[in-house]
Amino acid sequence: MVLFLAAVGLTTAAHAQSTGGSQYTMQEIVDAGHGFFGSASGGLAKVVERAFQNYGLPNGYILGQEGSGAFIAGLTYGEGDLYTKNAGQHDVFWQGPSLGIDWGGQGSRTMMLVYNLPAVPSLYKRFGGVTGSAYVVAGVGMTVLTDENIVLVPIRTGLGARLGINVGYLKLTQQPTWNPF
């Protein structure tokens, strides 16, 4: 009986690490992040681990870059590629306003973990959330944005000088646009 329970426990643990389906394991995300962020990825594994503890296995991720700036009101613009196991790779652009006690600017490489994405067209809409920034030269940060059941977890590392907290949204689109609304 003890041997049977041990075998069931090992099988369950192995299944949690390799889904083989449409979700990504923590190791797959960390490997993609290290390849994308390069030497600036020192804290990436800890941030990804925290996202996995809170939200589980993502079924997609976006790799891209963005620029943002704020003086009370702010704007963010970015572009990248969405990767999914069952729907392939797709271009994605994002832009959005923010409002808060926030000032400065930054340029970031961004990895967004995507949770509960039923189909690629479901990604192209607004995702709201609260963001805090504390950059002086460089930094790594994680934010959580939601809309209905879909959750985006942007992980950013970049350069700049920015300090504050704001509320806003990111609008994800298939084509680039200057309109953040």
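This is a predicted model: local features need pLDDT of at least 70, side-chain atom pairs count only at pLDDT 80 or more; totals for chains, interfaces and linings use all residues.
Reader: What makes S1 and S2 a pair of strands?
Author: Pairing needs at least two bridges between two strands. S1 (residues 60–84) and S2 (residues 88–115) are joined by 24 bridges. Therefore they count as paired. The two strands run antiparallel.

Reader: How many residues lie between S1 and S2, and what do the strands form?
Author: Three residues lie between them, and the strands form a hairpin. Within this pair, leucine 75 stands opposite proline 97 in S2.

Reader: Why is the contact of lysine 85 and glutamate 28 called a salt bridge?
Author: The cut-off is within 4 Å, from a side-chain nitrogen of Lys or Arg to a carboxyl oxygen of Asp or Glu. Here the N to O value is 3.1 Å. So the contact qualifies. Lysine 85 lies in the loop between S1 and S2, and glutamate 28 in helix H2 (residues 26–37), so the pair ties together parts that are 57 residues apart in sequence.

Reader: Why is lysine 85 called partly exposed?
Author: Buried means under 20% relative accessible area, and exposed means over 50%. Lysine 85 has 34%, so it falls in between. Glutamate 28, with 31%, is partly exposed too.

Reader: What makes arginine 156 and glutamate 66 a salt bridge?
Author: Their N to O value is 2.4 Å. Arginine 156 lies in strand S5 (residues 150–173) and glutamate 66 in strand S1, so the pair ties together parts that are 90 residues apart in sequence. Are these two residues buried or exposed? Both arginine 156 and glutamate 66 are buried.

Reader: How do you know that lysine 125 and glutamate 148 meet in a salt bridge?
Author: The value is 3.9 Å, N to O. The cut-off is within 4 Å, so the pair counts. Lysine 125 is in the loop between S2 and strand S3 (126–142), and glutamate 148 is in the loop between strand S4 (145–147) and S5. They are 23 residues apart.

Reader: Which residues are linked with lysine 125 in a network?
Author: Lys125, Asp147 and Glu148 are linked in a network of salt bridges. The whole structure has five salt bridges.

Technical notes:
Residues are numbered from 1 along each chain as its sequence is written. Side-chain values use heavy atoms; hydrogens and water are left out. Helices (H or I, at least four residues) and strands (E, at least two) are DSSP runs, numbered from the N terminus. Buried means under 20% relative accessible area, exposed over 50%, partly exposed in between (1.4 Å probe, protein chains only).
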